[in-house]
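Please look over the sequence and the structure before reading on.

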Amino acid sequence: QVQLVESGGGSVQAGGSLRLSCAASGYTTSSNSMGWFRQAPGKERREREGVAAIYTGGGSTYYVDSVKGRFTISKDNGKNTLYLQMNSLKPEDTAMYYCATDTRRSRCTLSTISPNYWGQGTQVAVSS
């Protein structure tokens with residue numbers, strides 16, 4: 001049974017940093033695509049925004065323009081854990097952040113990843 005469990009969310013002031021973690025279990029994570037998505041307050045699930053994605057087999061990473069240079073996605077294959085380091089946080093980064101994986105295809109970009117498993121989410125709140 002595939003499980004994704006996020007942690008690391010919280011409340012910070014603008015300019016601060018947070019590191020999100022996602023512990024994955026129940027499948028082989030060493031050669032597939034994983035990503036972080038966010039759902040801003042008042043938005044529907046279908047409006048979730050892809051923030052970053054990584055191909056765990058080769059390490060290729062992809063980011064939405066609004067977080068480039070501030071966020072870094074990484075994966076520890078030995079620990080089966082996905083990370084999102086978020087620096088220089090802005091109030092517009094406030095959202096529920098979800099870890100997700102597409103186990104049906106190996107290599108995806110942020111535009112093509114179509115997750116079939118999601119975590120429960122972790123809340124990030126950035127105040128000005």
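## Aromatic rings

Rings of Phe, Tyr and Trp (its six-membered ring) pair if their centres lie within 6.5 Å; planes under 30 degrees apart count as stacked, over 60 as edge-to-face and the rest as tilted. In this predicted model, local features need pLDDT of at least 70, side-chain atom pairs count only at pLDDT 80 or more, and totals for chains, interfaces and linings use all residues. Residues are numbered from 1 along each chain as its sequence is written, and side-chain values use heavy atoms, with hydrogens and water left out.

F37, Y98 and W118 form one aromatic cluster. The whole structure holds 2 aromatic pairs. One of them is the edge-to-face pair of Y98 and W118, with 6.4 Å centre to centre and 85° between the planes. This pair links distant parts of the chain, 20 residues apart: Y98 belongs to strand 9 (residues 95-102) and W118 to strand 10 (residues 117-118). Strands are DSSP runs (E, at least two residues), numbered from the N terminus.

Buried means under 20% relative accessible area, exposed over 50%, and partly exposed in between (1.4 Å probe, protein chains only). Y98 is buried at 11%, whereas W118 is partly exposed at 29%.

In strand 4 (residues 33-39), 7 of the 7 residues are buried, so this strand is largely enclosed by the rest of the structure. S33, G35, F37 and Q39 lie on one side, and M34, W36 and R38 on the other.

## Neighbouring strands

Two strands pair if DSSP finds at least two bridges between them. Strand 4 runs antiparallel to strand 5 (residues 49-55), joined by 6 bridges, and antiparallel to strand 9, joined by 7 bridges.

How values were computed:
Helices (H or I, at least four residues) and strands (E, at least two) are DSSP runs, numbered from the N terminus.
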